[in-house]
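Work through the exercises below with the structure open. Each task is followed by a stepwise solution.

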Amino acid sequence: MHNLNFEEIYHTYWKKIFRLCMGYVNDDDMAKDLCQETFVAVFQQLPKFRMEANIGTWIYRIATNICLRQVNLEKRMPKNELPYQIKDLSEKDNKLEQEKMTDLLYQCISELPELERIIISLELEEMKQKDIAEVVGISSANVRVKIHRIKEKLTEKFAHYGTEL
C-alpha cells in the first residue's frame, strides 16, 4: 500500500517546511532555497520510504538535516538584522502588525541555539512531542522541559525587542 503522491505531500507540507527553514535562517530567499532542496531530497528518496515512520516526521528530519548543514556552513556570518518588514511601525493596519510580530518571532527563534530552534519550530508546527523527540533524538520528557524553557526565553527576547521598537 505505497500510495504516496509527491504532489500531495508537497502541497501538504510546503508551508510548514518553509516556516521550519525560516526558523533556522530568518531569510525569505534562503528559506525558499532550503525548502526546495528539502523537497528535491523528498522526491528522490520517496521510493525508498518504507512507512516505518510518520511521513511528516520523515520530511521534518530531512529538512532539519538540510537546515543544520546550511547553518554549519554559515556559522561565521553575523546574526541577521531585524527584518525590513518591521521598520514601518506608523501603519495601524492589523495585518501589518501581525506580520511584524511574526517576523519578530522568527528573528527571536533564529537567535536560539540549534537544538532549541529545531524543537520550537516543530512545536509551532503542532508536531506531537513524541515525534519531536524522535526527530531530535531525546526523550519526550526532555522535549517537554525544553519547550517550556524555550518559551520562557522567547518571551524574554520578545519583551526586549518590543521595548526597542
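**Exercise 1. Determine the handedness with which H1 passes H2, then describe the packing of this pair.**

Solution. 
Step 1. The crossing of H1 past H2 is right-handed. A crossing counts as right-handed if the near helix is turned clockwise from the far one by less than a right angle, and as left-handed if anticlockwise.
Step 2. The model is predicted: local features need pLDDT of at least 70, side-chain atom pairs count only at pLDDT 80 or more, and totals for chains, interfaces and linings use all residues. Residues are numbered from 1 along each chain as its sequence is written, and side-chain values use heavy atoms, with hydrogens and water left out.
Step 3. H1 spans residues 6-25 and H2 spans residues 28-45; they pack at an angle of about 140°, with axes 8 Å apart. Axes are lines fitted to C-alpha atoms, for helices over the stretch in contact, and angles run from 0 to 180 degrees between N-to-C directions.
Step 4. That angle makes H1 oblique to H2. The classes are roughly parallel under 35 degrees, roughly antiparallel over 145, roughly perpendicular from 65 to 115, and oblique for the rest.
Step 5. On the H1 side, the contacting residues include Tyr13, Trp14, Ile17 and Phe18. On the H2 side, they include Leu34, Cys35, Thr38 and Phe39. Contact means heavy atoms within 4.5 Å.
Step 6. The residues of this contact divide into 17 nonpolar, 1 polar and 2 charged. Ala, Val, Leu, Ile, Met, Phe, Trp, Tyr, Cys and Pro count as nonpolar; Asp, Glu, Lys and Arg count as charged; the others, Gly among them, count as polar.

**Exercise 2. Is Thr38 buried or exposed, and which residues does Thr38 contact?**

Solution. 
Step 1. Find Thr38 in helix H2.
Step 2. Thr38 has a relative accessible area of 0%, so Thr38 is buried. Buried means under 20% relative accessible area, exposed over 50%, and partly exposed in between (1.4 Å probe, protein chains only).
Step 3. Set aside neighbours within four places in sequence: Thr38 is in contact with Ile17, Ile59, Ile62, Ala63 and Ile66.
Step 4. Now take Met30, also placed in helix H2. Its relative accessible area is 22%, so Met30 is partly exposed.
Step 5. Met30 and Cys67 lie 37 residues apart in sequence, and their C-alpha atoms are 9.9 Å apart.

**Exercise 3. How do H1 and H5 pack?**

Solution. 
Step 1. Their axes are 9 Å apart, at an angle of about 150°.
Step 2. H1 is therefore roughly antiparallel to H5.
Step 3. H1 passes H5 in a right-handed crossing.
Step 4. H1 contributes Leu20, Gly23 and Tyr24 to the contact; H5 contributes Arg117, Ile118, Ser121 and Leu122.
Step 5. By class, the contact holds 4 nonpolar, 2 polar and 1 charged residues.

**Exercise 4. How many helices and strands does the chain have, and what percentage of its residues are buried?**

Solution. 
Step 1. The chain has 7 helices and 0 strands. Helices (H or I, at least four residues) and strands (E, at least two) are DSSP runs, numbered from the N terminus.
Step 2. Of the 165 residues in the chain, 39% are buried.
Step 3. Take contacts between residues at least 6 apart in sequence: 67% join residues at least 24 apart.
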